[in-house]
Amino acid sequence: MKKLIFLLLVALLSACNSNKSGQNLGLNNLGYFETQGVNVLVYSNLFTGGFNDEKTAGIELIHHGVRTSQGGAVRLSNTPEQWDLVPEIPVRTVDTLANTIEATLRYGDYDFDSRVVVMAKGTGVEISVYLDEPVPAALEGSAGFNLEFLPSEYWGKTYLMDGRFNRFPRYVVGNTVTRPNSEKPKQFKGYVTSDDRGTDRFIDPLPLETGRTILLAPDDPERLVKITSHDVDLSLFDGRVLAQNGWFVVRSLLPTGKTGKVLTWTIEPNAISGWTREPNIGFSQVGYVPSQQKISVIELDKNDKPLAKASIYKVDEEGNASKVFSGKIEPWGDYYKYNYVKFDFSSVNTPGVYYIQYGDFKTNNFLIENTVYDKITDATSDIWIPIHMNHMFVNEAYRVWHGEPFRDGYLQAPPNTDHFDLHGQGPTTDTKYRGLEHIPGLNIGGFFDAGDFDIETGSNIGVVQNFVQTWEYFKPLRDQTFVDQQQRYVDLHRPDGTPDVLQFIEHGAMQLVAQAEILGHMAQTLSNSILDNYHHLGDAASITDGLPYNPNLGPYEVARDGRSSGVKDDMWAFTSRNPSLDLRAATMFASVSRALNGYNDDLSARALEQSKRLLKEATELLANQSQTGRGGVAANMPTNLQLYITTGEQQYLDKFLELLWPALENNVSGNILTAIHAIPHMDASFKEKLRPYVLKYKEYIDELEKDNPYGVPIGLGNWAGSGSVVSFGTTICFVNTHFPDIIDANHVFKATNWLFGCHPYHNYSLVAAVGAARPKAVFYGNNRADFSFIPGNVAPGILFRQPDHFENYDEWPFLWGQNEGTIGGNTSYLIFGSAFKNTMSGL
């Protein structure tokens, strides 16, 4: 039997070696190790702690174009979760002569420092951990060196530990133990990610395998990695035991009582000889109207020589394909990691089914047809938005998306409380309610923020404003949703005789007006009080037990009358006053009062009353503070415009004009849309005074053509940039309406091309279920644990990782910076889609 295993191992390794490059890794001028097909990044992206994704940092491996491994660092648990402690990295040194990268890692909570030195060694790297002082007693048996591997790239594949064969599981399987909470390392800011149900014990995963050498995916040359530990055992864990977003973890415990070099690993990622990344042929998965410009942007490996031509094939009614166009490839140049060329096939304008052929590579099919854009927002308005209506039971045919959440309402957040979702309650409540006192009347209306179930007030303000603008500019009469506020019931695909957008305005306004009236100002957020139900995956109605918390009851005890419980799961209202947020609300309330006039006159009048009050109070508060507050000027400008439009009072117009022109001078691309919205309510001289700023905006558009091959604003932060592209497209539509001689409407197709497939990394549509040939398959929604999507969701999209890597996982939903759609982003897409279709009608 041992001989058979040996022969199988030799056969696997021989097959891999036939695909193996002999080229050594070396440091490049961007400060990471590189050979063709393998990039090893060493703290190019740093851990941040708490709210941010922590699967995008540490020592990382980009393996044949895909970031398959990350998190390489000294960590304090077998399978770290998002809110576990992460090391600060105060020092990072790249030594090109020694071919090393060295970093200092520090855990301030434990006064524990280590040094990690990564050295190129042949076709791999050697990782060494150094300690000047032994592992602190509190971390003995906890501190270790971890490296994590992306489950979706490894499940179903084999691995060998010291020659023993096994297979990575598709779904989490493995053994665990429980240990006393006193043995659990601290978590970020003292947060606790799990509910021990009164046991005072935590779950600790046991390893799937242990040994000195592990070979990952010998059956897949693109994913083959060999790790050897020279000092201590390696263990393989499945991080999905504790959290669905966990990765496979290879880990070695740091030895106790030792200093100096205490651990050494050799990591050898396989590099396929002669490998080049396949061309990413960008195009609109939705298709094209016959008259529009049609340009494919093709992303190429820098070692891939561009071809001279590409072709368009048409598929006839019998399924036969024939070449109908061949055109030149035009170079654009390098943009970060890759080289870009363009293929213009605008002359192909006969309706039909087509695909692009570039060398040996062809795309899936797409349509050229006058109606391809007609339904691009239907999934968003018919499905995604109503599913995110809070405090309602939401049904779709045989499926219940969620029951009525938060029947137990909201408690006042206690003073001096920091929140894990970047909020905080100040030294007072700023309301008439005491800490943990029940606030009646807040569990009404509003929208879930994103893949979680809180009400972010700032987002909801923007959302209602988006609905109002969609209604006032385009009057969409689409009615596919049944909404009954008395029953608190929503049913999808069931018309009820009222335009859906009008009902969405009402639903959002009910929550926000309630905040203003009950609290006296706008809350920061209505959110989870405990981390355990913040990361809840499942029915929103099951986040809490539906019973107000009763401090006189024991933990998990229910009162005899069944009306309260001792479960600390209630949602909290964070109510520290922010005058700038109040100003934004005043803007929104002014527009809501117009939209609801004649539909819900009572809510319309209450919204206008709160708009005037909040504008007066917030302006006085900001003046007393001698500061503008967060976005003070930018918020005050549209507030005064909306109040002028609603009331016609001169004072609001005067203030708007006073603020507008300096804002345009400071940031024309960020403020031109507000100015454009004012044109219908101003005299002719206003439009002429605006013309020079529109010319400046055209210069901005022209600069984007030089900045990147897609000609759109590409975000380079921790949240990908689809929102900027949507805003860009919306602005072009509105500016073109009033200044068609300056802003060409065809620029808007850059935005649709990006959203529907013409972007870096892959060519999938970033809008769920839109672009039937190949939309993204998985999103970070509240059903992300099912590796699925909610139709109409717009992904943040293509995330940039330092120093030169773009990515968007479509087999792993759990990175919110690339895959989490938000209520703000999706309603911005709704207004963009409406404006775009309106612009299309004039072309």
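Analyst: The protein chain has 16 helices and 41 strands. Helices (H or I, at least four residues) and strands (E, at least two) are DSSP runs, numbered from the N terminus. This is a predicted model, in which local features need pLDDT of at least 70, side-chain atom pairs count only at pLDDT 80 or more, and totals for chains, interfaces and linings use all residues. Residues are numbered from 1 along each chain as its sequence is written, and side-chain values use heavy atoms, with hydrogens and water left out.

User: How do you know whether the radius of gyration of the protein chain agrees with that of a compact globule?

Analyst: The radius is taken over C-alpha atoms, and the globule rule is 2.2 Å times the number of residues to the power 0.38. For 843 residues the rule gives a value near 28 Å; the protein chain has 29 Å, and therefore the two agree. The C-alpha atoms fill a box of roughly 85 × 80 × 55 Å along the principal axes.

User: Why is Asp200 called partly exposed?

Analyst: Buried means under 20% relative accessible area, exposed over 50%, and partly exposed in between (1.4 Å probe, protein chains only). Asp200 has 48% relative accessibility, so Asp200 counts as partly exposed. Asp200 lies in the loop between strand S13 (176-180) and strand S14 (201-205). Its phi is positive, about 60 degrees, although Asp200 is not a glycine.

User: What makes Lys475 partly exposed?

Analyst: Lys475 has a relative accessibility of 43%, and therefore counts as partly exposed. Its loop runs between helix H4 (457-474) and strand S36 (481-484). Lys475 is not a glycine either, yet has a positive phi of about 45 degrees. In the protein chain, buried residues make up 60% of the 843 residues.

User: How do you know that strand S29 and strand S30 pair?

Analyst: Two strands pair if DSSP finds at least two bridges between them. Strand S29 (residues 393-396) and strand S30 (residues 399-402) are joined by 3 bridges and run antiparallel. Asn395 stands opposite Val400 in S30. The hairpin has 2 residues between the strands, and Ala397 takes a positive phi near 50 degrees there.

User: What makes S34 and S35 edge strands?

Analyst: The order of the open sheet of 5 strands is S34-S31-S39-S38-S35, with mixed pairing. Strand S34 (438-439) and strand S35 (455-456) each pair on one side only. For S34, 2 bridges join strand S31 (residues 410-412) to this strand in antiparallel fashion, and His438 is the bridge partner of Leu411.
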